[in-house]
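Dear colleague,

Please find below the structure that I am handing over to you.

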Amino acid sequence: WERTVRDLAFHKAVTTDGKFIPLKANVEVLAELDMLAKIGCDGIGLYRTEFLFIHSHSLPSEDKQFAAYRAMVKGMEAQGAVTIRTLDIGGDKIIPGMELGESNPALGWRAVRFTLAEPAIFLTQLRAILRASAYGKVRIMFPMISGLLELEMALKILEQAKSELRSRNMPFDEDITVGTMIEVPSAALCSDILARKVDFFSIGTNDLIQYTIAVDRSNSRTAYLYRPLHPGVLRLLKIIIDNAHQAGITVESCGEMAGTTTGALLLMGLGIDGLSMTSQSLLDVRKAIRSISYDAAREMALHALNLTNAQEIEDYIRKTIHDRS
Ligand code: PEP
Ligand code: MG
């Protein structure tokens, strides 16, 4: 490990033919920045804010959230932007005392569905995020958007949060970058429509895989069906990435898939503009990208799209990585 850090710390993920893929980190708490300060990264691609709410006995106030977001933004100042995701509770992310007793929590009242129904909570968080944007580069991102109307409602509430801060004379970045996660199949299929409304996409493969294959992301009995390289998933990824590029926006990926070498290289081959992952995966993915050409990754992804099952695709990608690098 020490040696890997020595060899790869602060290197950029550049392919052998010169294509740079920004590698960002997924974080939940400030302490995670210590490791990132040692190995380097190109910003935070996913700041999961649930932690603040899950470990709090009452709803965190605007000032408390602001302090947490500002600390993260200032801590990352030298490395890149911090992408703050609005609250994504419900489904597999339960706040103690907020168990809803739903029979299908993954399909129920979670993430943006919850915050849109609780505008006071949503506005408080958005104001806190906006205020942090006065201290460094911040991007806002919405989770679990399933279609245009939800995205438009979220954007409208964001505008309201901005105007509240203006009337309070509080500074924030007026040109703050706004994006949406694409992690629901309907959003993937309608990504051409959604792309007109935002500055970037971030693909949440954990949920996208769960919903595409209809397999619970946390059920060990059906775990064998949970395959990031399922041809159905690959086809959706291609649709999302192509639609984003056609609309002239960037598209990143922040689920676990981006933190595996097979997933990262496949996403790169499909044209992804950036990958975000747990800090523990950064050096391995950086190494993998630095050992292959962009051309080879493109060719590999094109070929993978013609294969018929997850195992065949995985074997093919592993063999290609082995032969090419
Ligand atoms: C995802 O769904 O891929 C994602 C990054 O979000 P989370 O794992 O927090 O649901
Ligand atoms: Mg998700």
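This is a predicted model: local features need pLDDT of at least 70, side-chain atom pairs count only at pLDDT 80 or more; totals for chains, interfaces and linings use all residues.

Residues are numbered from 1 along each chain as its sequence is written, and chains are lettered from A and ligands numbered from 1 in the order in which they are written.

The barrel

Eight strands close into a barrel in the order 1-2-3-4-5-6-7-8, with parallel pairing. On average, neighbouring strands of this sheet are turned by 25 degrees against each other, direction ignored. Helices (H or I, at least four residues) and strands (E, at least two) are DSSP runs, numbered from the N terminus. Two strands pair if DSSP finds at least two bridges between them. Strand 5 (residues 177-182) and strand 6 (residues 200-203) run parallel and are joined by four bridges; Met181 stands opposite Ser202 in strand 6.

Helix 13 (residues 279-290) lies across strand 1 (23-27) and strand 8 (274-277), at about 165 degrees to strand 1. Axes are lines fitted to C-alpha atoms, for helices over the stretch in contact, and angles run from 0 to 180 degrees between N-to-C directions. Two residues are in contact if their C-beta atoms, placed from the backbone, lie within 7 Å.

The core

The largest nonpolar core has 87 residues, of which Ile240 and Leu267 touch the most other members. Helix 11 (residues 231-246) gives the most to this core, with seven residues. Such a core is a set of buried Ala, Val, Leu, Ile, Met, Phe, Trp, Tyr and Cys residues joined through C-beta atoms within 7 Å. A residue is buried if 20 or more other C-beta atoms lie within 10 Å of its own, exposed if 12 or fewer, and partly exposed in between, with C-beta atoms placed from the backbone. Not counting residues up to four places away in sequence, Ile240 touches Ile182, Ala188, Ser191, Phe201, Ile203 and Val251.

Helix 12 (residues 261-270) is largely enclosed by the rest of the structure, because eight of its 10 residues are buried. What covers these buried residues includes helix 11, strand 7 (250-253), strand 8 and helix 13. Gly271, whose phi is positive, near 110 degrees, follows helix 12.

The ligand shell

Among the residues around ligand 1 are Arg48, Asp88, Glu183, Asn206 and Cys254, where a residue counts as near if its C-beta atom, placed from the backbone, lies within 6 Å. Strand 2 (44-48) and helix 10 (205-213) are the elements that give two or more residues to this shell, and helix 10 supplies the largest share, three residues.

Two single residues

Met277 has its place in strand 8. Met277 is buried because 26 other C-beta atoms lie within 10 Å. The C-alpha atoms of Met277 and Gly259 are separated by 5.1 Å, although the two are 18 residues apart along the chain.

Glu32 lies in the loop between strand 1 and helix 2 (33-39). With 18 other C-beta atoms within 10 Å, Glu32 is partly exposed. Not counting residues up to four places away in sequence, Glu32 touches Val27 and Ser279.

With kind regards
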